[in-house]
Structure formats: structure tokens, C-alpha cells
Amino acid sequence: MRAMTPSAEWSCAASDVPPDTTATLRLVRDGRVVDAFLVHARDGYRAYVNRCPHVGTPLDLFPNEFLSDDGREIVCSTHGAIFEPATGRCLGGPCAGDRLTPLTVQRDGDRVVVRVP
Ligand code: FES
């Protein structure tokens, strides 16, 4: 994927993020950079701020490694919290019941567009 200057909107070709894969992205909101990621979950595309609700670290210790081995869950690499891709809800770990911060995702033809709400 081509690197883009961060703005309030980010997009990519839908085919660039096949099912059970992710992509990192960077947006700007009110002059502040927001690091985030897109996940192509079983029921569609979702995007979340790349910040674990436990202690605020990025979820991916290794860049763009967000998913469990079977691709069914988002895993925080710091302390192992597990999140449901469809909702961002923490299903287990030190922040159980908390949630990732969602971003707005829309399809625009063959592109996936992510915006800060
Ligand atoms: S920082 Fe994510 S589980 Fe602790």
C-alpha cells in the first residue's frame, strides 16, 4: 500500500485487506495524529484506534500483527487481552468488558474508507 500523509480520512482498496487480515493507518483529528488499524472481520470491515484500554499501549508489538493465529480475535501483544473484531469488546484479559475505540468505516465502491467520528 502507498504511504499517505495523515488526514481526517484514510482509504485503501478493499482487495488490499483480505478476510482475516489487518492494515495499519494514521489519521489526524484536531491536529493530533491517531494511529489505528483496519480489520477485515468475518462480518465486514471494522477500524479501531491502536490503543489498548488496559494501559494505553499499541496493540501490535510487531507492526500490523493484531490477530490471533486463527484470525478470529484481536489480541493485545502487551498483556494478552482478547477483543472481539466485530465490536471491539474485550472478551478476556486485564481489561475484560472494556472496548477498543471504534472509527467510522464505509465502503465507497471498491474502496474502504476510515474516518474519525
Ligand atoms: S496493555 Fe493490552 S492487555 Fe495490557
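Which residues lie nearest the centre of the second largest pocket? Keep that in mind as you open this predicted model.

**Stop 1: the pocket**

Select R29, V34, V49, R51 and T101. These residues lie nearest the centre of the second largest pocket, and they belong to a lining of 14 residues. Two elements each give two or more residues to that lining: β3, residues 32–41, and β8, residues 102–108. Show β3 now. Three lining residues come from this strand, the largest share. The pocket has a volume of about 280 Å³.

Next, colour the lining by class. Eight of the residues are nonpolar, five are charged and one is polar.

**Stop 2: the aromatic cluster**

Stay on β3 and select F37, which sits in this strand. How many aromatic pairs does a search of the whole structure find? The search finds two. Ring pairs link F37, Y48 and F66 into a cluster, so F37 has a place in both stories below.

Y48 belongs to strand β4, residues 44–49, and the two partners are eleven residues apart. The pair links distant parts of the chain.

Why does its pair with F37 count as stacked? The planes of the two rings are at 10 degrees, and stacked means under 30 degrees apart. The ring centres are 4.0 Å apart. F66 lies in the loop between β4 and β5, 29 residues from F37, so this pair also links distant parts of the chain. F66 counts as buried, at 1% relative accessibility.

**Stop 3: a three-stranded sheet**

Move on to β5, β6 and β7. These three strands form an open sheet in that order, and the pairing is antiparallel. Select residues 74–75 for β5 and 90–92 for β7. These are the edge strands, and each pairs on one side only.

Now select residues 82–83, which make up β6. This strand pairs with β7 in the antiparallel sense over two bridges. What is the bridge partner of I82 in β7? Pick G92: G92 is that partner.

Methods: Residues numbered from 1 in each chain as written. Predicted model: local features only at pLDDT ≥ 70, side-chain atom pairs only at ≥ 80, totals over all residues. Heavy atoms only, no water. 1 Å grid on protein atoms, 1.4 Å probe; cavity = no way out; pocket = protein on both sides within 12 Å on 5 of 7 lines; lining within 4 Å. Points joined across faces, edges and corners; volume = space filled by probe spheres on them. Helix = DSSP H or I, 4+ residues; strand = E, 2+ residues; numbered from the N terminus. Nonpolar A, V, L, I, M, F, W, Y, C, P; charged D, E, K, R; others polar. Pairing = 2+ DSSP bridges. Phe/Tyr/Trp six-rings, centres within 6.5 Å; stacked < 30°, edge-to-face > 60°. Buried < 20%, exposed > 50% of the residue type's maximum accessible area, 1.4 Å probe, protein only.
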